[in-house]
Amino acid sequence: EKEDVTVVKLNEVTHSVFYAPQYAAISQGFFSDEGLKIEITNGQGADKVLTAVISGDSDIGFCGPEASVYVYNQGKEDYAISFAQLTKRDGSFILGRDPDPDFTFDKLIDKDVIGGRKGGMPMMNLQWVLKQNGIDPDQDVNIDSSIQFAAMAGAFKGGTGDYVSLFEPTALALEKEGAGYVVASLGVESGEVPYTCYNATKSYIEENPDIIQKFTNAIYRGQLWVKENSPEEIAQAIVEFFPDTDIDDLTAVVKRYKDQDSWNTTPMLTQDSFEHMQNIMESAGELNKRAPFDDLVNTKFAETAIENIK
Amino acid sequence: MYMSEKNFSKEHEQYIKKLKTNRFNVIATRTILLVFFIIFWEVAAELQWIDSFITSQPTRVLKTLVNLFTEGTLFKHLFTTVLETIIGFTTSTILGTVIAIILWWSPFISKVADPYLVVLNSLPKVALGPIILVWVGAGPVAIIVMAVLISLVVTISGVYSGFTDVDEAKITLVKTFGATKLQILTKVVLPASYPTITNALKINVGLSWVGVIMGEFLVSKAGLGYLIVYGSQVFQLDLVMTSILILSLAAGVMYQIIAYIEKKLIPYK
Amino acid sequence: MYMSEKNFSKEHEQYIKKLKTNRFNVIATRTILLVFFIIFWEVAAELQWIDSFITSQPTRVLKTLVNLFTEGTLFKHLFTTVLETIIGFTTSTILGTVIAIILWWSPFISKVADPYLVVLNSLPKVALGPIILVWVGAGPVAIIVMAVLISLVVTISGVYSGFTDVDEAKITLVKTFGATKLQILTKVVLPASYPTITNALKINVGLSWVGVIMGEFLVSKAGLGYLIVYGSQVFQLDLVMTSILILSLAAGVMYQIIAYIEKKLIPYK
Amino acid sequence: MPTPVLSIEKLTKIYHSLNGETLAIKDFTLDIGEGEFIVIVGPSGCGKTTVLSILAGLLFPSSGLIKYSNDEVTLGYMLQDDHLFPWRTILDNVYLGLEIQNRATTENKRRAELLIETYGLGKFKQHYPAQLSGGMRQRAALIRTLAINPEILLLDEPFSALDYQTRMAVTDDIGSIIKKEKKTAIMVTHDLTEAISLANRIIVLTKRPAVIKQIFDIKLTSTDHSPTQNRNAPEFMNYYNEIWKELDVHV
Amino acid sequence: MPTPVLSIEKLTKIYHSLNGETLAIKDFTLDIGEGEFIVIVGPSGCGKTTVLSILAGLLFPSSGLIKYSNDEVTLGYMLQDDHLFPWRTILDNVYLGLEIQNRATTENKRRAELLIETYGLGKFKQHYPAQLSGGMRQRAALIRTLAINPEILLLDEPFSALDYQTRMAVTDDIGSIIKKEKKTAIMVTHDLTEAISLANRIIVLTKRPAVIKQIFDIKLTSTDHSPTQNRNAPEFMNYYNEIWKELDVHV
Ligand SMILES: Nc1ncnc2c1ncn2[C@@H]1O[C@H](COP(=O)(O)OP(=O)(O)OP(=O)(O)O)[C@@H](O)[C@H]1O
Ligand SMILES: Nc1ncnc2c1ncn2[C@@H]1O[C@H](COP(=O)(O)OP(=O)(O)OP(=O)(O)O)[C@@H](O)[C@H]1O
Ligand SMILES: [Mg+2]
Ligand SMILES: [Mg+2]
């Protein structure tokens, strides 16, 4: 069996508990069952993930499909196609400097909010949510898009801004320090979007349909597994990927994501959610031309996986 | 061209002619290389020998440039980065010189500081990025701190080694006149190390650019580094490439300005 | 300590004693400074004068270090970064020297290349990060390319200026023996510029570290730069601080190794 | 002999380094009269520069006594190379000593400028040293030394960086300047021709540690006692050969 | 005169720079016989080094002819400073010329080593130049030149970097080595004492452009014709004064 193990180079946008189903799939052996060995690189940003995929350094990229829309719209021939979806919501939270159970979005008016960098999904999503809540992100709030994603928590702790939008486990770390408190979940507010998906170049998919299929299968089994297990069990399963995080913290974070229904239960990326994402991009002013779903998404592998695995 | 009333020998005319031809050849080759490179880039992109999505292409760069210019943002970004660089450069020059003076003044301090300076010198200051943000806050100050951190140690050791290289005999000379330590510093050591200092400045200005770009990657609302980050975020490699070209031109110009100031400052050379 | 059978004068004994006291003072001051700094850091963090979450604190750093060590990942990360640095350093040293030789060999090429080198020299190579990724792909190669890019031009100009500084008279001397250009290179120019070359290497090794860390910030699976990015992503500033400390130590050690090699290579100094 | 302006008594100097100690001078005793021109000769590395450095106060002696007839005596030291500051014009170079001693009054500056004119560098006041010939630079260095109006001049191989012929000419030149300004001078040189043609007394030192081996009183029958005339004096060659023998040179 | 090993005919050299041209030598004509020791003297910057450089083939003449009696003649050039390579031991420094001419055979190397022994540097073969005194280094430089067994030696102020006394000693030393090895030599110097005590003929040049002003045949009545003895010859001072007048030095 061991002889025909295929190594797949996976480039993830960031290393986060948010992607628990993926790590669970690895630790539970779903990939090795399929004869795949996953080699993870931390791409540190959707742009770099896709760059790695396009240049052929990574086989499969894991990031928001907005990046592949950019690439497609720049006229790249061998663009990246998304074939499986892992998370269906924004994984970030808004933190304030004090606990605020009665938080409403009006409270952000005239405040400084640290968002992600311009053109990135976290930033666009934040703008969208604000608009949904009747707030003009350009006029009413002061969104600080100047800070590198990885440095946002530090900047907030260091005194910049009134609110910050952060991923886990950073949000929890700030809470534990008493430096910030989660007041709202952007995931809950934004509705379902294809927040993080797996993609590969058109040519790679054409040449390696079986690898893509096996990969999708394993992801699907991971999704099923986290659905059926408790936060404690999930935390146990993925702790090896977060050696520096305390197990209790990990459990808390997993619970937070599980409770707000962050994870897709299947790898299926629907046209509705894809168009919804393009709406968000359009509204943020980063999209001058909508990209066709049929070109950018391939649902065939997800369908096969769902059919074959019970 | 130098012209004189004198009649020069035939041999001399030939020599001058050869010099001129030589100079012409150099300039021609430079130009041809540049033009050829641009044309090749354009053609290769057009004919899809290279992937113009990745490498961009001259006409696209030009278009982006025109866009930036007409939108009026070009100068905003350029100005921001240049200003940060100048502030960072000036700060680290002054600070570095002052520290170098202290080290020169007290051999004891200089000996004590030595191993620390070696470690600080080898430490890739880039790594401090996240820490700087936390410490001085996310803003232009962080960018300038980054620029200063990156160029400071090099400035200190450049200037200090200029100080220690000063001809001992010159110091002995003013000592025979009974000079105080302060006089030795101001009358001999500082002016004598002008050339070394300006040389250190040439390195310093390059590092300040690096620091500012690094800083802008970390935190920025505007600037060429910001443009690069934004461009790569939304996969507009044309924008990235254009920014880099502007950047290298700006850096080259600033280097030449320093070189020019150096020439003016050291007329006796 | 040097000891001889000779009886030294009283004055000499005093002199030696003074020297020893002096040396002791220097070392003591260094140590005290370090210890005091660590203690102050710890105490300040304990008493919450400073925010230990942001600044970390010695005991936390130690704990993180022990963790990394027991998990066995410390050496993996260290090794990755050191290896990349060595490869980058070696590549840019060899490449830089070869290019410097070409420039020295042909004054024409060197004149043509001059303005291009100035621009390349001033260009903050950090800015090329995104482009490098796109061009050579996101992998270890990108990291090494980054390291080489950052250190190459400096190496070229360091080595080349070493070549041009070689005493003309030494070249004249071998010319009187009828030396060919190749002989001038191998018998005079190269050995004479050993000291300049090793000096360039000292700068080069520092820049290679910067390049590798920059590269690891861009793309990496392991390495100290990866630890720093990861640490700041998951907001574990202890990890960031620990990695920076390891990094500066490693860089310091490598610098000393180069300095040692320099001493061995130039026995006549 | 006139009253000594300077008496040196049992001067001893030990240099120290980690590798051991070097006895450079031992029991050096000498009285120097006003207006005298003393030349010190001796083998390479015997300690000549050390003597001058101690007299100039640049080094402390290990033991011994140096007494000046006048506590306020001003010294002028001239080194082997001109050490003009390349970043200063000749005029500013000449002002250097005055500036350092905070005596750069208009009067003193005028006096210094006058020296420049007198000794033929008037046209080069605003030039940088690099624009002058070696001989002219050395003259400028002497004027810089004279500008502080020293009573005693210490000259450490002042001409040895010049080429042979320039050196001859500059020796004549500078020798007569010093005589004209009526300075007491102590000079070190390796060139016996120079020594004999300038000196009132020549002190021959032994190898290190420098001890005085012999003192020659130079008395030449020459018309105007200029160095050039002195070289042609009939006694010249005798002194030359005698001193040469005393020096006992080996490579 | 013996048959000339080298005749120079109407040699002219113009240097060119953007600012104009410099006529350095004009119509320099001279025959040099085998075993002769020719010394060239002349004012600073008159073109002496230029003559030697052209003879050594380092520069092309603007016009004129240089004829060697033998097409295969080997030249040895010795410069003002020793220019020993600090990274080579004395032995390896001496081998330099042989290596460059691809003649570093065991035999030639033995010969070179023998020269080192003969001329008193045997103990220092494995030393680096920095460990030798100035005089010893200069001797090593001569041996390096002799190692390629040149028929004609070109010496450009070979001793001027040495201090006065060492210089005297090294002149004697190197002078006798050259005589012993029976080489033809053309030397440039500023030091007339050196010139007169070594030369068969002294060529006095004018200021630039260098034209031959006068040629002195030196004939000294001395016992063994060593430089030291020569200096004491009765004719010495006459030559000295005559040549000095011809040179007509100003600062
Ligand atoms: N700072 C020093 N430390 C140790 N030894 C020294 C120092 N300065 C000089 N010496 C030694 O003292 C001795 C005398 O030196 P000094 O420079 O006085 O000699 P000198 O007669 O002027 O020589 P020269 O003829 O070469 O100018 C030399 O042997 C030298 O090595
Ligand atoms: N490469 C050159 N280009 C232009 N002019 C030169 C060059 N080399 C020498 N000269 C000029 O030619 C003249 C003769 O120079 P050369 O070096 O031959 O004189 P020299 O007699 O050897 O002088 P010195 O006594 O100083 O050694 C000088 O005026 C010098 O300025
Ligand atoms: Mg001395
Ligand atoms: Mg010459």
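A cavity is defined here, on a 1 Å grid over the protein atoms alone, as a set of points where a 1.4 Å probe fits but cannot get out, and its lining residues are those with an atom within 4 Å of a point. Grid points are joined across faces, edges and corners, and a volume is the space filled by probe spheres set on the points. The model is predicted, so that local features need pLDDT of at least 70 and side-chain atom pairs count only at pLDDT 80 or more, whereas totals for chains, interfaces and linings use all residues. Residues are numbered from 1 along each chain as its sequence is written, chains are lettered from A in the order in which they are written, and side-chain values use heavy atoms, with hydrogens and water left out.

The largest cavity has a volume of about 880 Å³. Its lining comprises 41 residues, and Gln44(A), Gly45(A), Lys48(A), Gln148(A) and Phe149(A) lie nearest the centre. Two or more lining residues come from each of helix H3 (46-54) and helix H5 (121-132) of chain A, and from each of helices H6 (129-136), H10 (194-218) and H11 (224-233) of chain B and helices H6 (129-136), H10 (194-218) and H11 (224-233) of chain C. Helices (H or I, at least four residues) and strands (E, at least two) are DSSP runs numbered from the N terminus. By class, the lining of the largest cavity has 23 nonpolar, 14 polar and four charged residues; Ala, Val, Leu, Ile, Met, Phe, Trp, Tyr, Cys and Pro count as nonpolar, Asp, Glu, Lys and Arg as charged, and the others, Gly among them, as polar.

The second largest cavity holds about 120 Å³ of space. It is lined by 14 residues, of which Phe149(A), Ala150(A), Phe167(A), Thr170(A) and Gln233(C) are the closest to its centre. Helix H6 (152-157) of chain A and H11 of chain C each supply at least two residues of this lining, which divides into seven nonpolar, six polar and one charged.

Chain A has 15 helices and ten strands. Its radius of gyration, taken over C-alpha atoms, is 19 Å. This value is close to the 19 Å that the globule rule (2.2 Å times the number of residues to the power 0.38) gives for 310 residues, so chain A is as compact as a globular protein of that length. The C-alpha trace of chain A spans about 60 × 45 × 30 Å along its principal axes. Of the 310 residues, 64% count as buried, that is, under 20% relative accessible area (1.4 Å probe, protein chains only). In helix H7 (residues 170-177) of chain A, the buried residues include Thr170(A), Ala171(A), Leu172(A), Ala173(A) and Leu174(A). Just after H7(A), Gly178(A) takes a positive phi of about 75°.

Contacts (heavy atoms within 4.5 Å) were also examined between chains. Eight pairs of chains touch, and the most contacts are between chains B and C. No contact joins chain A and chain D, whose closest C-alpha atoms lie 48 Å apart; chain A and chain E likewise do not touch, with nearest C-alpha atoms 48 Å apart.

In chain E, Asp172(E) lies in helix H5 (residues 164-180) and counts as buried at 18% relative accessibility. Not counting residues up to four places away in sequence, Asp172(E) touches Pro227(E), Thr228(E) and Arg231(E).

Key:
On a 1 Å grid over the protein atoms alone, a cavity is a set of points where a 1.4 Å probe fits but cannot get out, and a pocket is an open set with protein on both sides within 12 Å along at least five of seven lines; lining residues have an atom within 4 Å of a point. Buried means under 20% relative accessible area, exposed over 50%, partly exposed in between (1.4 Å probe, protein chains only).
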